[in-house]
Amino acid sequence: MPPADVLADVPADVLIDCQDAALTFGRGPNAVVAVHGARLRIRAGDRLAIVGPSGSGKSTLLHLLAGLEQPTSGTVTWPGPAGRPRDIGLVFQGDSLIPALDVIENTALPLVLAGTPDDRAHEAALAALALVDAADLADRLPEEISGGQAQRVAAARVLAQAPRVILADEPTGRLDHATGGRVLDALLTAADATGAALVVTTHDPAVAARLTVRRAMRDGRLTAPDGADADAAARPGEPS
Ligand code: ADP
Ligand code: MG
């Protein structure tokens, strides 16, 4: 829990408050600063694209926002009623399905673990799979679907939970243009329907263009695309 004076000036609609959060992997000569002092606030209804090349720190930043990684310095807090982890859904970039469960069981799993009765969880899972054109895959095992299909199932697993914040890590990265567009449609439609915030990382300008706000990431530094966002810039005296 951060000190009360840190929370005092956070507006009520802030769901994630990231203040100068940095993350360094490894130590000494092998240390890699994956994220330098990122400043970012996610509010209800936000539509944010984080755009950067491979290795720029996008996944690490999302993991910090989701509470999966602890910042080495700075803070990430979830001040609103959202609260980690129940109301934040992360669409992982890499393979994240459980091999022994079929697609609908994978999609329903977070709901089942949260106590939703099986039949209702499966109903929600099937509806979410339909949103990403994957309802026909319901009975397949992860090894029986392609990487792109698995990526759509990972998106459905998050949509089924109707989280207040959807963090999607390159959700179109393994998809062709048309399929990627439909997955993005599904994420935007779901976020609009529930009033959720949506944060999408991508290196594709066409994907970024579909979000309202774009922030660039380069070498672990989060900036606005024009570099004009002082909020995101490293401040004097801050280690870099
Ligand atoms: P992106 O998602 O933009 O491709 P990442 O956040 O995955 O970038 O990686 C940012 C940097 O951090 C890269 O240099 C990467 O090699 C490094 N990195 C990421 N995860 C780890 C880890 N678990 N251990 C060590 N280095 C890592
Ligand atoms: Mg990544």
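Buried, in this talk, means under 20% relative accessible area, exposed over 50%, and partly exposed in between, with a 1.4 Å probe and protein chains only. By that cut-off Ser-59 is buried, at 19% relative accessible area. Gln-93, at 32%, is partly exposed.

What you see is a predicted model, where local features need pLDDT of at least 70, side-chain atom pairs count only at pLDDT 80 or more, and totals for chains, interfaces and linings use all residues. Residues are numbered from 1 along each chain as its sequence is written, chains are lettered from A and ligands numbered from 1 in written order, and side-chain values use heavy atoms, without hydrogens and water.

Ser-59 sits in helix 2 (residues 58-66) and Gln-93 in the loop between strand 5 (88-91) and helix 3 (103-113), so the pair joins parts 34 residues apart in sequence. Helices (H or I, at least four residues) and strands (E, at least two) are DSSP runs, numbered from the N terminus.

Six strands form an open, mixed sheet in the order 5-6-7-3-8-9. Strands 5 and 9 (221-223) are at the edges with a single partner strand each, so one side of each has no neighbour in the sheet. Two strands pair if DSSP finds at least two bridges between them. Strand 5 pairs with strand 6 (residues 165-169) in the parallel sense, over four bridges.
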